[in-house]
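Hi there,

Here is the structure I promised to pass on to you. Have a look at it first, and then read on for what turned up in it.

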Amino acid sequence: DAMVIQNPRYQVTQFGKPVTLSCSQTLNHNVMYWYQQKSSQAPKLLFHYYDKDFNNEADTPDNFQSRRPNTSFCFLDIRSPGLGDAAMYLCATSREGLAGYPEQYFGPGTRLTVT
Amino acid sequence: GDSVTQMEGPVTLSEEAFLTINCTYTATGYPSLFWYVQYPGEGLQLLLKATKADDKGSNKGFEATYRKETTSFHLEKGSVQVSDSAVYFCALSDLRQGGKLIFGQGTELSVKP
C-alpha cells in the first residue's frame, strides 16, 4: 500500500545534541510537510516543500531545518534541541492538482523526547 | 486570516449514542473542509472531506455537510462505538494560502461501553 513512513517512531536525544527525523513516501506526491504537535494541541506547520522549493513558516525557529534530497524523502533536522522541542513530529504529503491542494496524508509521527 | 473553531472537549458518550462535534470556520475564499481523526500515539487520518458548498462528506458512519450560509462543517455519527474514541480535528485548506491546512483545536471523544 502507498503510504507515508516515519522513522524512528520514538527518538530520545540529549539537550543540545543534533537530531534528524526522517520521512519517506510511496505516494509520489509533490508536496511534503513537517508539523510539530505538542500534547493536546493541533499540529503546527513548520515548513513544506513544493517540489524542491522550500517554504518556511514565519514563526518556525532557526533551530529547525529541513532537507528534501528527492521526491520520496524529506528530513527534519533540529540543530540544538531544547526541552521545549519535545513533541510529536508529523510528516504529511499531498499532490497539488487542477483542483488545488487536496487532502494531506499523514505519517504515524515520531515522538521526540529531549533529556 | 482564516480560522477554524471546534466545540471544546472532552466529549464523553455511551456506546450507541448520537455524536455531534460542532465546527465553524472563517475564510474569505472558498476553502475545502476536512475532518481528521487521531488515535492515541498515532498520526492523523483523513476521515472525510468536502470541497464545495452543500457537499456531504461521509466515511465509516460519520457525516459532515459543508454549509456556506452558516460557515459550518459539523461532524455527526448516529451510533458511536468504543473504537471511535480519539481526537477529532476539523480543518480547512484554502488554495489562496498555498493549500495549507488550518486546524481547529481538536475535540477529544471518549466512548464508554
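A residue is called buried when its relative accessible area is under 20%, and exposed when that area is over 50%. Please keep in mind that this is a predicted model.

Let me begin with the disulfides. A disulfide is a covalent bond between the sulfur atoms of two cysteines. Over all chains, the count comes to 2.

In chain A, Cys23(A) and Cys91(A) form a disulfide, with 2.0 Å between their sulfur atoms. The torsion about this S-S bond is about -70°, so the link is left-handed. Cys23(A) sits in strand β3 and Cys91(A) in strand β9, 68 residues apart, and the pair links distant parts of the chain. Cys23(A) and Cys91(A) are both buried.

In chain B, the disulfide is formed by Cys23(B) and Cys90(B), whose sulfur atoms are 2.0 Å apart. This link is left-handed, with -70° about the S-S bond. Cys23(B) belongs to strand β4 and Cys90(B) to strand β10, so the pair ties together parts that are 67 residues apart in sequence. Cys23(B) and Cys90(B) are buried.

What about Cys74(A), and how far is its sulfur from the closest cysteine sulfur? The closest one is in Cys91(A), 6.0 Å away, which is too far for a bond. Cys74(A) counts as buried because its relative accessibility is 0%.

Next, the nonpolar cores. The largest has 26 residues, and those with the most contacts inside it are Trp35(B), Leu48(B), Phe73(B), Leu75(B) and Tyr88(B). Several elements of chain B give two or more residues to this core, among them β5 (32-38), β6 and β12 (107-112). The element that gives the most is β10(B), with 4 residues. There is also a second, separate core of 18 residues, which includes Val4(A), Tyr49(A), Tyr89(A) and Cys91(A).

Leu48(B) is worth a look on screen. Leu48(B) lies in strand β6 (residues 44-50) of chain B, and with a relative accessible area of 4% it is buried. Leaving aside neighbours within four places in sequence, its contacts include Trp35(B), Phe62(B), Phe73(B) and Leu75(B).

Now for the charged residues. Side chains of opposite charge can pair when their charged atoms come close. The structure holds 7 salt bridges over all chains; here are some of them.

- Asp59(A) and Lys44(A) meet at 3.4 Å, N to O. Asp59(A) is exposed at 51%, while Lys44(A) is partly exposed at 31%.
- Arg67(A) pairs with Asp77(A), the closest N and O atoms being 2.8 Å apart. Arg67(A) lies in strand β7 and Asp77(A) in strand β8, 10 residues apart. Arg67(A) is partly exposed, with a relative accessible area of 39%, whereas Asp77(A) is buried at 14%.
- Lys56(B) and Glu63(B) meet at 3.6 Å, N to O. Lys56(B) counts as exposed at 53%, and Glu63(B) as partly exposed at 34%.

Finally, Arg68(A) is found in the loop between β7 (64-67) and β8 (73-78) of chain A. Arg68(A) is buried yet has no salt bridge, and the nearest side chain of opposite charge, that of Asp51(A), is 5.4 Å away. However, a polar atom of the Arg68(A) side chain lies 2.9 Å from the backbone oxygen of Asp51(A). Other residues in contact with Arg68(A) include His29(A), Tyr49(A) and Phe73(A).

Enjoy exploring!

Best wishes

Terms used:
Residues are numbered from 1 along each chain as its sequence is written. Chains are lettered from A and ligands numbered from 1 in the order in which they are written. This is a predicted model: local features need pLDDT of at least 70, side-chain atom pairs count only at pLDDT 80 or more; totals for chains, interfaces and linings use all residues. Side-chain values use heavy atoms; hydrogens and water are left out. Buried means under 20% relative accessible area, exposed over 50%, partly exposed in between (1.4 Å probe, protein chains only). Contact means heavy atoms within 4.5 Å. Lys and Arg count as positive and Asp and Glu as negative; His and the chain ends are not counted. A salt bridge is a side-chain nitrogen of Lys or Arg within 4 Å of a carboxyl oxygen of Asp or Glu. A polar contact is a pair of N or O atoms within 3.5 Å; within protein, one must be able to donate a hydrogen and the other to accept it, and residues adjacent in sequence count only if both atoms are side-chain atoms. A nonpolar core is a set of buried Ala, Val, Leu, Ile, Met, Phe, Trp, Tyr and Cys residues joined through side-chain atoms within 4.5 Å. A disulfide is a pair of cysteine sulfur atoms within 2.5 Å.
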